[in-house]
Amino acid sequence: MAIDPRVTIITGASRGFGAAIARELAERGHQAVATMRNPDRDGAAVVKGYEGNIQVTRCDVTDTSTVESAVAFALERHGRIDAVVNNAGYGLIGAIEELQDEELHRLMDTNVTGVIRMVRAVMPAMRRQGGGKILNVSSLAGRISGPAFGGYCGSKHALEGLSEALRYEVAPFGVEVSLITVGAFRTSIQWTGNELTRTLREGRSLYQEPCEAFIQGEKDRATLLPGPRSVAAVIADAVEFADPLPLRIPVGFDTSRVEAVRAKMTDDEFAAMISGMRNTGFPGSWFGTVERQQKEGVL
Amino acid sequence: MVNAPQVVFVTGASSGIGAAAARELAARGHRVIATMRNPKRDGPAVTRGYKKNLEAVRCDVTDRATVDEAVAFTLERHGRIDALVNNAGYLLLGTIEDLSDDEILSQFDTNVVGSMRTVQAVLPAMREQGSGTIINVSSAAGRMTGPAFGGYSATKYAIEAVSEALRFEVAPWGIKVVIVEPGTHRTEAQFDNLRVAQAVLEGRSLYQGPVEALIEGHRRYAAGRPGPRSVGSIIADLVETGDPLPVRVPVGDEAAQIFSMRAAMTDEEFETALRNLGNEGFPGAYFAAEHELNTN
Amino acid sequence: MSVAPQVVLITGASRGFGAVATRELADRGHQIVATMRNPDRDGPAVFKGYEKNIQVTQCDVTDDATVQAAVAAAIERHGRIDVLVNNAGQSLIGAVEELADDEFRALLDVNLVGCLRLIRAVVPHMRRRRSGKILNISSQAGRMGGPMVGAYCASKFALEGMSEALRYELAPWDIQVVLVQPGIVQTDHLYSSMILAAALREGLSVYQGPGEALIAGLRKDGARRQGPRTVASTIADLVEIEDPLPLRLPVSDDAVRNLNQRAAMTDDEWEARLWAMRDEGYPGSYFRAVAEQASP
């Protein structure tokens, strides 16, 4: 009944989902290599209480050499890598029209290319082992999209397309690829993990008010949402599974519902439903503000 | 709202999903009354490390007096009940033809009527508060069934119906109802607490071979499944969530797959898919041994 | 249908869909600013016979200055841009595991950021006139991932995600955003313009055999399916239609069939369907090669 300890590398493990995943795995007796950009600053809080099960090492997913050294560290320490949780990523808020080239490239470089770097680094070891698991933390934003969040949604959509392809490619080597579709949770991303486009930051966006309403709506709603613990538990389950993993594993009280609604509706019906929302969080705050501004003749 | 400690009443908390939910809620700082039939024997393992906010209390959901007492105790202790986790239940395997009246009725008494009794006991307090969350633990078996699972699924289908009706009824008082549907998890329900129809235990079932193969296959399958922590964690999320709750929350890969298959397939397609699954647990093990049936 | 001539700016007009759509639009009487990287070399073949309707303009979608110059030239010439067709794009064939950072970045810079550059340049003009259409040429690969085309799929998935958001953002000014999703079509992308990841090009790929089989499969599909005229005609139709346009429009029989099936199936069913494919086209050629490698 006991499960053999598994060796798992987690990216973006300094806080939020990543830290929770490392600690959940450690709690279950597994070995977690928690990677982050600044271990000196952030490592101690993640390791605390699990000194025998969590090792912190530096890794910036935008820097190939640190990805390779983190994988080498895990292999040297444990002799194998059973699973990788590609969690590192950030959100970017701002209208598409005002995204700068480098803002979009940077986002893709972390959220998508960062995953490719890790895949490149771990695949030789997993191929030698004859198996492994690559768990990519995606989001409902990888399945649907909304205003003010188009860059982020684009990056998560890209991750979904990439993962689906990767799944076919590495299956013959016994390597499984799954997308964890994360729904609504309260994590640091709502307060500090989202970047703003420069135009928005400098207060000169054409969409300033709708974007600010969106940000405020997200912050307000976040207080109503659960923290990252259950996401961590579901990912730890996926690490432990003996069964074949499905392409997508939804987590979050609303995730399956949103997916089911999306699957049932045409694009037009879905868009009409989304545009008609006037809730205080995402996306109602955006549409409500646009509607008001249109009435005022601002837009 | 989520930051304020919630008072949560959990049934069937001696092991498995109930214990996992109770401990997870306690870890998040909530005040948990973990109810079970034998708190003296089973309580200490559940409350260990959380003496301040997790208490084991006696309650047998088949005995209305103990339900009322446990609810009264909770109200006396904490003054309110913010959430009820209706989890007590057990899994009984046996074909429809083999199950005795007593086996059928006992399982309904625990799995269905037990939940209804507990709901009835907590509703007055929730109504007075003008809020409350009722979390009914169903199962992927609340959305599908198969050979030797009919009795159990009947109770879980019933819980789904009870919950859907209850949502309409108690909404006016701000009380939320949600169904949680876990797939197979590595819990005592699949091992020590798994019950098997007497006819099979005595070796006199007409379905002996396939049912035995199913039990063995199911246990082997369950042994490779994740433990109950993620279900506990998702139940805790539902206690904390300030948003309106959906009707159903499937938990884990298995339940999510069944959910999407059911949505995408006709009943007949679904039936064919189950028959052709060819897995080693439920229901593949049964079909693989079906040739042993004496059909002459 | 609008009879009035529309002013259309189209990128990547030197070959493929872009060239054919340009000439089709000219044939229907519209004004087209046909942009390409090398007008001296590629321009004449495109505008020949339609000198009054087609203005060939230099524009490299990876170079913001040329994008702005092309948009400015179009505005100066016609006073407006009714429709932007974001057609310029590249392919990239190679396993995800073997993609180099700069290969992937270069692809995104054309397929994703290239569209963004045009959108940034054109939207202010459309906003002033409170009307406009943006047709983003996606692909069936924007909704379904397949082996050896992961990077291309990622770029098209991203374009789909961003277009869906953009549609909401621009709706207040009646600017419509549409994704056109062709299937596998006989264009230069399958031959002279096909870009291979270095590992595959140099014969060093772990996936060399299946990868080469897949390229042959794509070309076989292309050869037995229609050329770019259907897609070009659909683009021209979308330019002319006055009704509200849908978010997505699959074009060509394979895209319609694949996307319908993808929508109707669970992930598991869809994957099982692909793995079972053994035809000579895409992706059967790949899976057959993998199966043959695996068997001794």
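Two residues are said to be in contact here if their C-beta atoms, placed from the backbone, lie within 7 Å. The views below come from a predicted model, in which local features need pLDDT of at least 70, side-chain atom pairs count only at pLDDT 80 or more, and totals for chains, interfaces and linings use all residues. Residues are numbered from 1 along each chain as its sequence is written, while chains are lettered from A and ligands numbered from 1 in the order in which they are written.

**View 1. Ala26(B) and its contacts.** Let's start with Ala26(B), which sits in helix H1 of chain B; helices (H or I, at least four residues) and strands (E, at least two) are DSSP runs, numbered from the N terminus. Setting aside neighbours within four places in sequence, Ala26(B) is in contact with Val32(B), Tyr50(B), Asn53(B) and Leu54(B). Ala26(B) has 23 other C-beta atoms within 10 Å and is therefore buried. The cut-offs are 20 or more other C-beta atoms within 10 Å of a residue's own for buried, 12 or fewer for exposed, and partly exposed in between, with C-beta atoms placed from the backbone. For a sense of scale, the C-alpha atoms of Ala26(B) and Gln120(B), 94 residues apart along the chain, are separated by 25 Å.

**View 2. Strand S2 of chain B and its two partners.** Strand S2 (residues 31-36) of chain B is mostly covered, with 6 of its 6 residues buried. Arg31(B), Ile33(B) and Thr35(B) point one way from S2(B), Val32(B), Ala34(B) and Met36(B) point the other way, and all are buried. In a regular strand the side chains alternate between the two faces of the sheet. S2(B) pairs with S1(B) in the parallel sense over 4 bridges, where pairing asks that DSSP finds at least two bridges between two strands. Look for Val10(B), whose bridge partner in S2(B) is Ala34(B). From S1(B) the chain crosses through helix H1 (residues 16-27) of chain B to S2(B), a right-handed β-α-β crossover. Right-handed means that, with the strands pointing away from the viewer, the path from the first strand over the helix to the second runs clockwise. S2(B) and S3(B) are also parallel, joined over 5 bridges, and Met36(B) has Arg58(B) as its bridge partner in S3(B). Helix H2 (residues 39-47) of chain B carries the chain from S2(B) to S3(B) in another β-α-β crossover, which is right-handed.

**View 3. The open sheet of chain B.** Here 7 strands line up in the order S3-S2-S1-S4-S6-S7-S9 (chain B), with parallel pairing. The edges are strand S3 (54-58) and strand S9 (248-251) of chain B, each pairing on one side only. On average, neighbouring strands of this sheet are turned by 20° against each other, direction ignored. Helix H8 (residues 229-240) of chain B packs on the sheet, touching strand S1 (7-10), strand S4 (83-86), strand S6 (132-137), S7 and S9 of chain B, and its direction makes about 155° with that of S9(B). Axes for such angles are lines fitted to C-alpha atoms, for helices over the stretch in contact, and the angles run from 0 to 180 degrees between N-to-C directions. Towards S9(B), strand S7 (residues 175-182) of chain B is joined by 4 bridges and runs parallel. Val180(B) stands opposite Val249(B) in S9(B).

View 4. The peptide bond from Phe282(B) to Pro283(B) is cis, with omega near -10°. Pro283(B) lies in the loop between helix H10 (267-275) and helix H11 (284-288) of chain B. In chain C, a cis peptide bond joins Tyr282(C) and Pro283(C), with omega about -5°. Pro283(C) is found in the loop between helix H11 (267-275) and helix H12 (284-294) of chain C.

View 5. Most residues other than glycine have a negative phi, and most peptide bonds are trans. Ala148(A), however, has a positive phi near 75°; this residue lies in the loop between strand S6 (132-139) and helix H5 (150-170) of chain A. Arg130(C) has a positive phi of about 55° although it is not a glycine, and belongs to the loop between helix H5 (113-129) and strand S5 (132-137) of chain C. Arg130(C) counts as exposed, because it has 10 C-beta neighbours inside 10 Å.
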